[in-house]
Amino acid sequence: MDYKLRILSLKCYLKDESGGDEVYLKSAGKKIWPVEEKYVVAKEETTPIELEFIIQKGAVISYELWDHDTLSANDHLGSITITAEAHGHFVNEFTKQGKDNSKYALEWEIG
Ligand SMILES: [Ca+2]
């Protein structure tokens, strides 16, 4: 059976860089958001994301949140893994990967 996964928004509770983080999402080694730009500047706010995927029930998908840096290597801010096991509306906090001070969550739903 197929599920429809919708990624709804990225919630920033705490940014790492004073001017805002230059964030983008990766999944399975590929950048998936934002689609047109290289990154989106995130401050403490909710940034809408409109991504839809058809996935199989039971699918396990990982997402990585990255911060683009111009003068140094990009920072891997956090990761989440979601499992398509039930319909509903969810908010998962990214598990931090580095020493940054950021705190982010991803809002998503399965219908
Ligand atoms: Ca940056």
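In the largest nonpolar core, which counts 26 residues, the members that touch the most other members are Leu5, Leu10, Tyr63, Tyr104 and Leu106. The elements that give two or more residues to this core are S1, S2, strand S3 (30-33), strand S5 (46-56), S6, strand S7 (75-83) and strand S10 (103-110), and the largest share, 5 residues, comes from S1. This picture, like everything that follows, rests on a predicted model.

Leucine 10 shows how such a core residue is surrounded. Once its neighbours within four places in sequence are left aside, leucine 10 is in contact with Val23, Trp33, Glu45, Thr46, Thr47, Ile49, Leu65, Phe94, Tyr104, Ala105 and Leu106. Two residues in that list, Tyr104 and Leu106, are also among the core members that touch the most others.

The chain as a whole can be described next. The protein has 10 strands and 0 helices, so that reading from the N terminus on, its elements run β-β-β-β-β-β-β-β-β-β. Among contacts between residues at least 6 apart in sequence, 59% join residues at least 24 apart. Buried residues make up 41% of the 111 residues, while the accessible surface comes to about 6400 Å², of which 49% belongs to carbon and sulfur atoms. For a chain of 111 residues, a compact globule would have a radius of gyration near 13 Å, and the 14 Å of the protein agrees with this; along its principal axes, the C-alpha trace spans about 45 × 25 × 25 Å.

Because glutamate 17 lies in the loop between strand S1 (2-14) and strand S2 (21-27), whereas aspartate 67 lies in strand S6 (residues 60-67), the pair ties together parts that are 50 residues apart in sequence.

Methods
Residues are numbered from 1 along each chain as its sequence is written. This is a predicted model: local features need pLDDT of at least 70, side-chain atom pairs count only at pLDDT 80 or more; totals for chains, interfaces and linings use all residues. Side-chain values use heavy atoms; hydrogens and water are left out. Helices (H or I, at least four residues) and strands (E, at least two) are DSSP runs, numbered from the N terminus. A nonpolar core is a set of buried Ala, Val, Leu, Ile, Met, Phe, Trp, Tyr and Cys residues joined through side-chain atoms within 4.5 Å. Buried means under 20% relative accessible area, exposed over 50%, partly exposed in between (1.4 Å probe, protein chains only). Contact means heavy atoms within 4.5 Å. The radius of gyration is taken over C-alpha atoms; the globule rule is 2.2 Å times the number of residues to the power 0.38. Accessible areas come from the Shrake-Rupley method with a 1.4 Å probe; for residues, only the protein chains shown count as cover.
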